[in-house]
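Here is my notebook page for today. I opened the sequence and the model side by side and jotted down what I looked up.

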Amino acid sequence: MKVYALSGKSGTGKSFQAMNLCREKNIAGIIDDGLFIYNNEIRAGRSAKRAGTKIGAIKTALFHDDEHMEETKKAIRASGADSILILGTSEGMVKKIAERLDLGEIDELIHIEDITTKEEREIAEKQRIQQGKHVVPVPAVQLKRQFSGYFMHPLRIFKGWGFGKDSFAEKSVVRPTYSYLGDFIISDKVITDIVRETAEEMDGVDNIIRTISTNRDEELTVTVLAIFHSGFSILQTGKELQHRCAEMIEKMTAFNMGHIDIEIRSLK
């Protein structure tokens with residue numbers, strides 16, 4: 001396997017430039033902030049951008065945890081990748097990552113200054129410092145479990161960017177926990193309002209009493225307490241309510257839906 005490395009201080013646009021570099025050099029995989037990305041998909045790892053502190057983020061990016069390291073090594077071997085790009089904030093960091101993942105010596109070391117202008121790096125640094133924006137070089141849909149409940153939006157780059165000459169690649173922007181001035185939550189009342197608005201469009205639902213939600217690390221689970229109309233199929237109405245509510249909650253919040261339970265308290 002040929003091993004490339006892209007080095008540059010934090011916030012200078014390494015993740016944004018990674019796909020461009022992969023296309024130019026026909027590199028199959030990326031190691032970025034604790035993730036192994038192959039053919040535009042997350043194959044293993046967990047993102048350092050989910051860490052609660054900067055120290056935790058650094059440990060994740062360096063595969064400090066043995067289970068995280070072994071899982072990633074296994075996925076790299078299973079992928080059959082013949083080349084890989086390691087991203088890091090220094091030469092020492094990329095070498096340590098290569099060592100932890102048994103990737104051998106780095107064949108080509110590239111510095112962010114070699115492939116970007118001073119103006120491009122200044123723009124990237126401004127977005128990082130002032131807006132807390134971090135780029136992850138995979139589509140937003142790939143990050144839903146990694147970043148459930150995080151502010152996130154996609155950047156789509158068409159034709160000639162990313163893996164493959166004629167493909168389009170999507171990069172995603174997230175705001176990690178440690179970049180916030182505090183945490184944010186979505187209350188049960190907000191979820192209830194979304195569910196009620198959704199249920200109003202359904203003939204078989206009389207009323208939504210309330211909802212109970214639990215936000216775990218990777219998903220949001222919701223229990224809906226409802227009153228249905230008699231004369232309608234309870235099973236069919238319940239399934240339709242589950243589907244519509246899951247779709248609407250995901251659309252209106254940043255959470256990855258786990259499951260929705262419907263409790264029918266009475267028929268009216």
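Which strands does helix α8 lie across? I found that helix α8 (residues 234-252) lies across β10, β11 and β12, running at about 140° to β12. Helices (H or I, at least four residues) and strands (E, at least two) are DSSP runs, numbered from the N terminus. Angles run from 0 to 180 degrees between N-to-C directions, with axes fitted to C-alpha atoms, for helices over the stretch in contact (heavy atoms within 4.5 Å).

A note on the source: this is a predicted model, where local features need pLDDT of at least 70, side-chain atom pairs count only at pLDDT 80 or more, and totals for chains, interfaces and linings use all residues. Residues are numbered from 1 along each chain as its sequence is written, and side-chain values use heavy atoms, leaving out hydrogens and water.

Next I looked at the sheet. Three strands form an open sheet in the order β10-β11-β12, with mixed pairing; two strands pair if DSSP finds at least two bridges between them. The edge strands are β10 (205-215) and β12, each pairing on one side only. I counted nine bridges joining β10 to β11 (residues 220-228), and these two run antiparallel. Thr214 stands opposite Thr221 in β11.

I then checked helix α7 (residues 188-199), which lies across β10 and β11 at about 145° to β10.

Last, I stopped at Leu267 in strand β12 (residues 257-267). Leu267 is partly exposed, with a relative accessible area of 47%; partly exposed lies between buried (under 20%) and exposed (over 50%), using a 1.4 Å probe and protein chains only.
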